[in-house]
Amino acid sequence: MIAEFGHFALILATGVALYQFLVPLVGAHRGDTALMRTGISAAVLQLALIAVSFVVLTHAYIVSDFSVQNVYENSHSAKPLIYKISGVWGNHEGSMLLWVLILAIYGGAVALFGRNLPLELRSRVLAIQGAIGLAFLLFIVLTSNPFQRLDPPPIEGNGLNPILQDPALAFHPPFLYAGYVGLSIAFAFAVAALIEGRVDAAWARWVRPWTLAAWMFLTIGIAMGSWWAYYELGWGGWWFWDPVENASFMPWLVSTALLHSAIVVEKRNALKIWTVLLSILAFSLSLMGTFLVRSGVLTSVHAFAVDPERGLFILIILCLFIGGSLALFAWRAPMLKAGGLFAPVSREGGLVLNNLLLCVACLAVFIGTLYPLALETFDGPKISVGPPFFNLTFGPIIMPLLLLVPVGPFLAWKRGDMAAVWRRLWKSLAVAVVIGLIVLAVNIRGPWLAPVGMAMAAWLVLGAIADLAARIGLFKVPLSSSWHRFTGLPRSAIGGILAHGGLGLMIAGIIAISLWKVEVIVALKTGESADVGAYTVTFLSETPLSGPNYTGRAGRFLVKEGDREITTLVSEKRNFQPSGMPTTEVGLLQTLLGDVYVVMGDETTDGARAMRMYYNPLVNFIWLGAFIMFCGGLLSLTDRRYRVGAPKRAISAQAVAAE
Amino acid sequence: MMIWIVFAIMTAAVIAVLLSPVVKARPLAQGQDRNAFDRAIFRDQLAELDRDVERGAIAPAEADAARNEISRRLIAATAPPHASRPLGTPSMALLAALIVPAVALPLYLKAGSPQLPDMPLSTRLENATETGDYEAMIVRVEKHLAQNQDDVEGWKVLAPAYRRAMRWADAAEAERNILRLSGPTANGLADYGEAMVMANQGTVSAEAHEVFRKALGLDAKLPKARFYAALALKQEGKSAEAKAAFEAFLADTPADAPWRDMLLAEMNDAVARPPALDQQTMKDAASMSPEDQQAMIRSMVDGLEEKLKANGDDLQGWLRLIRARGVLGDAGKAKLAYDTAKSQFKDNPEALAALDGLAQEMKIP
């Protein structure tokens, strides 16, 4: 009965979503406060109901209730508890439930913490959230119901794909979804603004933290996915320009643009229409990502055509929301009043350039991702667009943006003064160029991109430091007053500096691993060694291995740097039962300067084993940079400004509470 | 019934919470002035500007320009509030709340299974005996045996259960354990061998043949062992021996023996035929992937070729082989089979005519 309880809660949530969609919208239109307020209850109820059904499904996984088809198909009684829980969203149905749960969490947050929003705006935002929730709840209940039951129930389940039984991947989807779905709030704000026909400072102030939250989660979610691919897939790569990766990267690019343009709306009352459009595009791309990953269209357009029920449903949702919102935009956007003016060289101008470059970069990724699909749809050949395409298109577009990132924060609003910027930045630029020259001297025979890339990374990090130094007047005023200024800095400013600096570290990692990666493929017998970068790796021994649901071989490797023994690495080849699926476990020595990465391959004819070894210099800077960007976002989010905005909030809140 | 009461309570609670603002809410003391929200933000921006000036983060001239601009916007945002409307009629909200059950009830009736109880694995195993849950009982015995490998009674429960569930490999393992623990008996050996044959898709392996020989050593008249031993001979291509064994077995078989029909069918089967597929194999084949099916067909055809090499007199067999090779797309192998068959039947014009006819049909040069 617990299972049916959860099922009914999910279905009730569908009903509540319809209510949440219609009633507040009518209420806001008629100015009926009571109806508008029921929208707030509806959002909270929706959160409660979906949370109940999610908990019930998780419970069914934990107790191995195989009368629930979803549990039978994706779980196994012998699985460790953590993978029983992560198995809930390790499959299509459960992941969609997680999707609506996160949507409901965002909706509930707007309902509960949105007291400093005008009630009409809040109602309309919640109504749009309700519409999105309704579409996806119907999708779940009608085509992907995780509470489908089996009678009689089987006694054992099918288990979870072994490659997914990994901690990083277990928690990657919740973060990624928190990012994808968070953009729905910006979308809802944009549509609400279009309905109201006004975008004001309060609107911009509210859109920004939600976009920031979504952006943060996207950043960390993408980083986790890439980290997982790096150490679990055993290819030594960290990013493959795979459509699934691109599907999350495109919303990231656009939400980064949105993050920056929302500043302009708040500070200068300009770029309103553009920001609304970006909000719509960001969520549209995240919907498209969901469609690409969930419909099976990526594996093959034809497989999708054979079993189109789910894909078609998402496609309809896609058309409805993207088409609907863009039509609304075309109709209402001209009514939004244009805001303040600014000179081309100004903070606003810089942010416009940032937006343009990010959007064009996103377009390049978009074409590279969808062109093969389109070609296949029209019965062309099945082609795949690989890294060369993206390096040649995305690279040149993003380069000038990276060059300009440190300049932006130094530009004044309205009318910037390049000479002043130069005075504050020339030292950073000089140091960056010197670093580039040193790299050039060390790599005199190429690769030629290395000095440029490293100089750019240094430029970003130094630019961020210069930004901070200028803001606190470092060495210009006494240190104590610098400290005073530092503590008084808005947290969003520090967050921005961290994000820009983290980007620099990430670029350093990307450039280093792309250009200086050492790849060694050798056949080794036990006792033999190979040189990998500055390290010597010796194949010590090979032993049989048996785990709870797999058997395999474990190879041991001694890593030495010169004569100094560093560590012993273990790389495994596992064969999972009952699927017989082989996986590899990478032997990984992580240091800040670079990783030694050892993969034991197949046996060769003469009794040796093929080994793939890599030295990946600075690779951890990629994830370190992403983490710092995440922290920057988190810090910005705590900025006090996002809690201001309600007129006489304290008084009216108390009055309500006293009733 | 209980579950519907719970659902009714849930629905009622949802509607109650949904409507609570309608009951509680009074109109705001003054109408909500949208501009007031903007004014609050502009004031905050001014305050921030003052702090920046105080910390020296912004030059006074720039600060003045910014202050001017924000103040202008502040003044612009002082339009009078529009008059707030009174509360709408509660009846409308009440009516709207009916949306929830109107959506939920039909959806649940379509998608739900209110009659099905929960089946958590642990309770299922605990109550297996009371509820007569056959699969759960098997799992319980399995768990018990994983700890106590030498409990012959347990294996004796499992062996027939596995047979019924057609889990032949598991059944063979159980029979092997019974033999290990209670010593070889003719019946036990025959059961073990049979499970091995079934697990092997109906083919009697050399190992299984040995088991049947041992069983016959203990009881020379044991029907099951005699049958499979004869079948083994047949599959090994020893047609004459197989024929003798089958006939001897038939002679000892009473007219009303349940296996008599199966025995006769097996005897009538052409000697060189590949082993007939048992039902299980057919079922497996149906659920196989196309590649696996292809692989199975190929292995059957290979088996046919082996048999023909041992006993080349079977014209029908050769024709089947050539046709099969052709259909599977192995033109080279088809040609090879055709040439071998032609040399085999070089003195038999009728056979040669049949072979040539097929070759023409299959476009074999």
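How much area do domain 2 of chain A and domain 4 of chain A bury between them? The answer is about 770 Å², and 45% of this lies on carbon and sulfur atoms. Please keep in mind as you read that this is a predicted model.

The size of an interface is often given as the accessible area lost when the parts come together.

## The layout of chain A

The domain assignment gives domain 1 (1–161), domain 2 (166–404), domain 3 (410–489) and domain 4 (518–620). Taken over C-alpha atoms, the centres of domain 2 of chain A and domain 4 of chain A are 38 Å apart.

## Who takes part in the contact

Domain 2 of chain A brings eight residues to the contact, and domain 4 of chain A brings twelve residues. On the side of domain 2 of chain A, A:Tyr230, A:Glu232 and A:Gly234 supply 55% of the area buried against domain 4 of chain A, more than any other three residues.

What kinds of polar link cross this interface? Three residue pairs are in polar contact, both residues being at pLDDT 80 or more, while the count of salt bridges is zero. By class, the side of domain 2 of chain A that touches domain 4 of chain A has five nonpolar, two polar and one charged residues.

## A look at chain B

Now to the other chain. Chain B has 20 helices and zero strands. Of its 365 residues, 41% count as buried.

Among the contacts in chain B with a separation of 6 or more, 50% come from residues 24 or more positions apart.

Notes:
Residues are numbered from 1 along each chain as its sequence is written. Chains are lettered from A and ligands numbered from 1 in the order in which they are written. This is a predicted model: local features need pLDDT of at least 70, side-chain atom pairs count only at pLDDT 80 or more; totals for chains, interfaces and linings use all residues. Side-chain values use heavy atoms; hydrogens and water are left out. Domain bounds come from an automatic or database domain assignment. Contact means heavy atoms within 4.5 Å. Buried area is the accessible area (1.4 Å probe) that two parts lose on being put together, summed over both. A salt bridge is a side-chain nitrogen of Lys or Arg within 4 Å of a carboxyl oxygen of Asp or Glu. A polar contact is a pair of N or O atoms within 3.5 Å; within protein, one must be able to donate a hydrogen and the other to accept it, and residues adjacent in sequence count only if both atoms are side-chain atoms. Ala, Val, Leu, Ile, Met, Phe, Trp, Tyr, Cys and Pro count as nonpolar, Asp, Glu, Lys and Arg as charged, and the others, Gly among them, as polar. Helices (H or I, at least four residues) and strands (E, at least two) are DSSP runs, numbered from the N terminus. Buried means under 20% relative accessible area, exposed over 50%, partly exposed in between (1.4 Å probe, protein chains only).
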